[in-house]
Amino acid sequence: MNYRTLNFEKIGETLYEYEHGSGLKVFFVKKPGYNKKTAMFGTNYGSIDNTFKVQGSDKEIVVPDGIAHFLEHKLFEQEDGNMLDKFSKLGASPNAYTSFNQTVYYFSCTDLFEENFSMLLDYVQNPWLTDENVEKEKGIIGQEIRMYEDNPNWRVFFNLLDCLYVNHPVKLDIAGTIESISKITKELLYDCYHTFYTPSNMVVVVVGDLIPEDVFSIVENMIKFKDRGKVEKKYPEEPAHLNKEYNEQKLVVSMPLFYLGVKDNVRVSGFELLKRRTALSIVLNDILGRSSELYNKLYNDGLINDTFRFEVSLDKAYGFVACGGQSPDPKKTAQVISGALNEAAVKGISEEAFSRILKAYQGMYVRNFNSVDNIARELTDAYFNDASYFDLGHVYEKLDISYTNKVISEVLSNQTALSVINPQ
Amino acid sequence: MGSLAGKTMVEKLTEKQGIQFYRLKSDKFNTTRVDIFFVDDLEKERASGNAILPSILKRGCGKYPSITELERKLEELYGADVGGGTLKKGEAHLIGFRMSHISDRYTFNNTRLFDECCNLLMCILESPLTEDNGFKKSVFTKERDNLINYIRSRINNKIHFSLYRCIEEMCHGEPFAIPEEGTEEDALLLTPQNTFAQYKEMIQSYPAYVYISGEVDDTSIQNFIDNFLKAGRGDIKSIKTPDVKKEISEVKRVEEGMEVNQGKLCLGFRTQIDPCSPDYYPLVVYNGILGGDTHSKLFQNVREKASLAYYAQSVLEKYKGLMIVMSGIEAENRQKAEEIILKQVEDMRKGNITKDEIDATKKSLETGMKAMQDSQGAIVDFFLSQHLTNCADDFESTAEKFRQVTIDDVVRVAQNIQLDAVYFLKPKNFKEGIA
């Protein structure tokens, strides 16, 4: 059996890579002494992939919002029962998630890995949809949507995306709306399945105290489907400007909530994406992190509190940085933060801050390897951006101030948008 | 250190001045951590005072008198973490402080991080910012404002809010009804001086548990312990154990309207079982079968069969012997959902439990017991819980007790589980709108 072994001495980890005949890539990370084993089977298909050419035909279709997530729910259903029950019987806990760009099915277990892993690989290859089971799911997902409608943190986030993006489907709610999911049919779900659930568009990631040959030979035996060719995704042209500067919604909250964001209009992938993501994270940490003077000023002035966070969300198909939390005066706070971001775009980051924060990020990278689940998630996410999570270690070595300052000037000089949730 | 092959062990290092020191042994993690828990009774007059302490102490200390200075130091120590918070376990109020850092072998030049990080932890714990026999006024005032805002913001998360309200109604008049941050009216009574006095009580008289885990040598541990005990302590407070028994004469029903889309239904039950009782293990299995996981009766019947909800589950509060069933539903389905839920509870009582249901639950508990040992935080929490309840079982023997549970055991504990309160957060004809 042919597979590659890559050693990362600094963090004491080993990555095993294998490619199945169908084009499916498999990654395995051995974690000696860990009881838990996690396996993921994911497809590079998420809520943003709503316009595409159906595999094997020339027709380009636009599918209802929320369909990738709907399909995720439905895959658990099989002709001879629900997969959730089957995993339960073996003591494993199965789950799945759908994000903007991926749908991932996974389980974790401590015993009977082979049986569980075989089941995972099998059911994801074999959807079983009926008109009846599709209808039934609408009630369940409807309640999931209703739950998110009442979640102020979720709403403030998506309302911001609606400000940032004019056309890009990243602004659409991952689960869709009650109205959009009502249009989902068995036939549409199969179109999506056959287009995106194809070996070359998917990945398998396994982490745990296992033997690489065992993991790979299960894949060898269980993968039956053939590649259906390259997936043709289509995203609309996204202008550099904002959709709108401000968005406001009223919900039952104790104090206003805000989220402020800036779009990154430069598209990169692979190692470059990891580098850019890290550079932006370091810079935001310098401007807005708990160690920054601005954080302390806003905190002492009572404009922010412990709920304040920032994030860098960078993907092949979209990118933005954002920050926010509770504030008695979102507009004033946003004005101060916007000013600081624009100023940093010109001034750049200091040598001292750069090396101090870089060190902290290296520490966090090491910490991530404490968790079997985190490793699996990060590997999957990086793979779908044509990168390797293990390269992040090299990013920390290669990143320098001049690159970082170039990225700051490209991103932080853009106009900021503000989303606010006000109390009823 | 040799491989412990997935085994997790605890060693009691010493017990002095009401502080128990433990070493948690597991060699697979690449971080080292210290967790300290001070324990107080959960009381209305003291809850806010306890809750505010970690927030004030995290604001800075003698050598690092601001968040900026403290956080920059932590970043230099490879993103070390020093922090704290409060939690309640039954009617015990815990004030926790923690420190963690990556193991020395991952640093550039094998930098020794443990001593420096412990110094930082001790700095925030022992040298807070003070003036006029109290906490520094500006810091205190800000943190009291933040505490009050936090108490008010409970309403933001509707799932937590409905759970909190259900417990508050169900346990009215019992200490367990007191939220871990206390109430707004009690927070308003705090002053820099009376809060500082409570801080001194914590340092000098609350019983405490300390857990050290990860790669660290014995000498460093000993130095840390000696340093910790240096200041000396007074008389150690004794902590009450909660009463898990309650006679229920009538089910309390509370309905509150709010401008939300989804209704939240919470059913509170008394199990009458205390955490040290042999019946605790069948109770955990009972909860698993009823609403613990995707194979459970609630998930299967409320969600999969009736399609009424996205989530329908039951959770146990171990220390107070409570079980809460929670589900998010359309207002019009409230009656139907409650009927289905109560039917499942009734089926448990009647012994309508299949072998598949109990087997799946026991397997999932076994998986959980093993998986817990892959997280340093979960290991600390497991042993803390054992020590608080004076249970001597470790992971292995706890898992064994779950394995021994039979359907008969489950049905036996089911006989004493009684509905006490039903809480419904009811949507007020609310349509979401974006301005």
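Q: Why is Phe158(A) called buried in this predicted model?
A: Phe158(A) has a relative accessibility of 2%. Buried means under 20%, so Phe158(A) counts as buried.

Q: Why does Phe100(A) count as buried?
A: The relative accessibility of Phe100(A) is 8%. The cut-off is under 20%, so Phe100(A) is buried.

Q: What makes Tyr34(A) and Phe29(B) an aromatic pair, and why is the pair called edge-to-face?
A: Their ring centres are 6.0 Å apart, and rings pair if their centres lie within 6.5 Å. The angle between the planes is 80°, and planes over 60 degrees apart count as edge-to-face. The pair crosses between chains: Tyr34(A) is in the loop between β3 and β4 of chain A, and Phe29(B) is in the loop between β2 and β3 of chain B. Both Tyr34(A) and Phe29(B) are buried.

Q: Why is the pair of Phe100(A) and Phe158(A) called edge-to-face?
A: The planes of Phe100(A) and Phe158(A) are at 70°, and the class needs over 60 degrees. Their centres are 6.0 Å apart, against a limit of 6.5 Å. This pair links distant parts of the chain, with Phe100(A) in the loop between β9 and β10 and Phe158(A) in helix α5, 58 residues apart.

Q: What links Tyr45(A), Phe52(A) and Phe76(A) into a cluster?
A: Ring pairs do, and the cluster also includes Tyr193(A), Phe196(A) and Tyr197(A).

Q: Where does Lys88(B) lie relative to Phe176(B)?
A: Lys88(B) lies over the face of Phe176(B), at 4.1 Å from the ring centre; the distance limit is 6 Å.

Key
Residues numbered from 1 in each chain as written. Chains lettered and ligands numbered in written order. Predicted model: local features only at pLDDT ≥ 70, side-chain atom pairs only at ≥ 80, totals over all residues. Heavy atoms only, no water. Phe/Tyr/Trp six-rings, centres within 6.5 Å; stacked < 30°, edge-to-face > 60°. Helix = DSSP H or I, 4+ residues; strand = E, 2+ residues; numbered from the N terminus. Buried < 20%, exposed > 50% of the residue type's maximum accessible area, 1.4 Å probe, protein only. Lys NZ or Arg CZ within 6 Å of the ring centre and 35° of its normal.
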